[in-house]
Amino acid sequence: MRTQVAIVGAGPAGLTLAQLLHVAGIDSVVLEARSRDYVEARIRAGVLEHDVAELFVQAGVGERVRREGLVHTGVELQSGRERHRVAFDELTGRTIVVYGQTEVVKDLIAARLESGRPLLFDVEDVSLHDLESERPRVRFAHEGAEEELECEFVAGCDGFHGVSRPSVPAGILREFHREYPYGWLGILAAVAPSSDELVYAHTERGFALLSMRSPELSRLYLQCAPDEDLELWPDERIWEELQERLGVDGWTLHEGPILEKGVTPMRSFVVEPMQWRRLYLAGDAAHIVPPTGAKGLNLAVRDVAALAEALVAWYRDGHVALLEAYSETCLRRVWRAEHFSWWMTTMLHRAPEDDEFTLRLQQSQLRYLRTSRVAATSLAENYVGIEHA
Ligand code: APR
Ligand code: PHB
């Protein structure tokens, strides 16, 4: 088997890259460890920066995003029992689109199948070879047979636990980590969202977030322990706690059947550089952000947009400059999002060891966001996405 670009992983990063390359006439093979059903059922993030939604439209996979995506012009920040709106459109002239990552992945898989180019699910034992040569090879097993794929570039889009990053020889990559002493308990509920916009709530009981997937589906999160036992959270207790944290006078949180629940730990992670020889890392393979700033999916898509542009410049015009600049270009944007996500997270969560001093700092920061247009604009600009960080 031969191709131009071997793409490891069919999450948003790998699938978006495959589509961008297809549109430019560049051949690729996508290798995914899981089944199509598994990948399409995984419930993940749900906020697209306007430019990311637009990128899907331009790449020919934005028809449903455009039709079903909910355009939001702001979010609500709640401190105790008071809410304050941050108006993205007014402050930055830009908006966001609420549309599930799960739906993005379904749209991309449908487009890939339509393109007729290869996307292999359920591949096993993926290993990368000869990355330092001009003809890297990817070995894997598929449907009981050992396969070898010869390529010109490898895109490591296989997430935090993938094989790509560990395939770089020791001593080349530098890793930066931060763990948080909390996680999110997330639910998907069959009830109309109780608010038109997202609500990020800071309370003395911990953080809560009201989000949504459609006019009929609510998505809600509660700060919990990183290893919280879901057994301890029957549906009634989840709703009770959400009522406590999100409750404000004159507003009702509507409850409904819980369709899905799960616990996500939180971490920050960055690897530098994001490239070694013919291997280019993108998305969660290269960086993780805690979900509070809604940046994970957007970063992944922007990485592969930069990579696709660089590969097109190489294949069309023989220009190597963009490929050489890939890691630096991405890392500028990544570190801005890392800071923003860390800042939103530590401003809004209560860590078990936090003292009253920390609480007062958080309250002061939230008050500053309510009273200063400059402070609110900074949050808004980061949330809607900074093009050139
Ligand atoms: N071989 C092939 N595929 C693999 C391997 C492997 N060894 N290891 C992992 N994968 C696959 C996973 O099964 C997954 O489908 O790689 C894919 C990686 O996808 P994601 O984890 O969704 O990562 P990415 O595409 O970078 O998207 C980042 O996902 O986790 C969210 O918040 C994050 O929104 C962000 C987005
Ligand atoms: C979501 O809807 O899943 C969501 C929204 C905003 C976030 C994180 C997750 O910051």
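P273 is placed in the loop that runs between β17 (258–272) and β18 (275–276). In this predicted model, the peptide bond joining E272 and P273 is cis, with omega at about -10°.

## Overall form

The protein chain contains eleven helices and 20 strands. Its C-alpha trace spans about 65 × 40 × 40 Å along the principal axes. The radius of gyration is 21 Å, which agrees with the value near 21 Å that a compact globule of 389 residues would have.

Of the 389 residues, 55% count as buried. Where contacts in the chain join residues at least 6 apart in sequence, 71% of them link residues at least 24 apart.

## Surface and charge

The accessible surface of the protein chain amounts to about 16,900 Å², and carbon and sulfur atoms account for 48% of that area. The chain carries 41 positive and 61 negative side chains; the centres of these two sets lie 3 Å apart.

## Nonpolar cores

The largest nonpolar core has 78 residues, of which I7, L17, L48 and V138 touch the most other members. Helix α8 (residues 296–317) supplies the largest share of this core, eleven residues.

A59 is found in the loop between α3 (50–58) and α4 (63–68). Is this residue, A59, buried or exposed? Its relative accessibility is 6%, so A59 counts as buried, the cut-off for buried being under 20%.

When neighbours within four places in sequence are left aside, A59 is in contact with Q19, L20 and V23. Between A59 and T92 there are 33 residues of separation in sequence and 25 Å in space, taken from C-alpha to C-alpha.

## Positive phi angles

D125, located in strand β9 (residues 124–129), has a positive phi of about 50° although it is not a glycine. With a relative accessible area of 65%, D125 is exposed, since exposed means over 50%.

E143 likewise is a residue other than glycine with a positive phi, near 50°. The position of E143 is in the loop between β10 (137–142) and β11 (145–150). E143 is exposed, and its relative accessible area is 75%.

Note on methods
Residues numbered from 1 in each chain as written. Chains lettered and ligands numbered in written order. Predicted model: local features only at pLDDT ≥ 70, side-chain atom pairs only at ≥ 80, totals over all residues. Heavy atoms only, no water. Helix = DSSP H or I, 4+ residues; strand = E, 2+ residues; numbered from the N terminus. Rg over C-alpha atoms; globule rule 2.2 N^0.38 Å. Buried < 20%, exposed > 50% of the residue type's maximum accessible area, 1.4 Å probe, protein only. Contact = heavy atoms within 4.5 Å. Areas by Shrake-Rupley, 256 points an atom, 1.4 Å probe, with all protein chains shown as cover. Lys, Arg positive; Asp, Glu negative; His and termini not counted. Charge placed at Lys NZ, Arg CZ, Asp CG, Glu CD. Core = buried A, V, L, I, M, F, W, Y, C linked by side-chain atoms within 4.5 Å.
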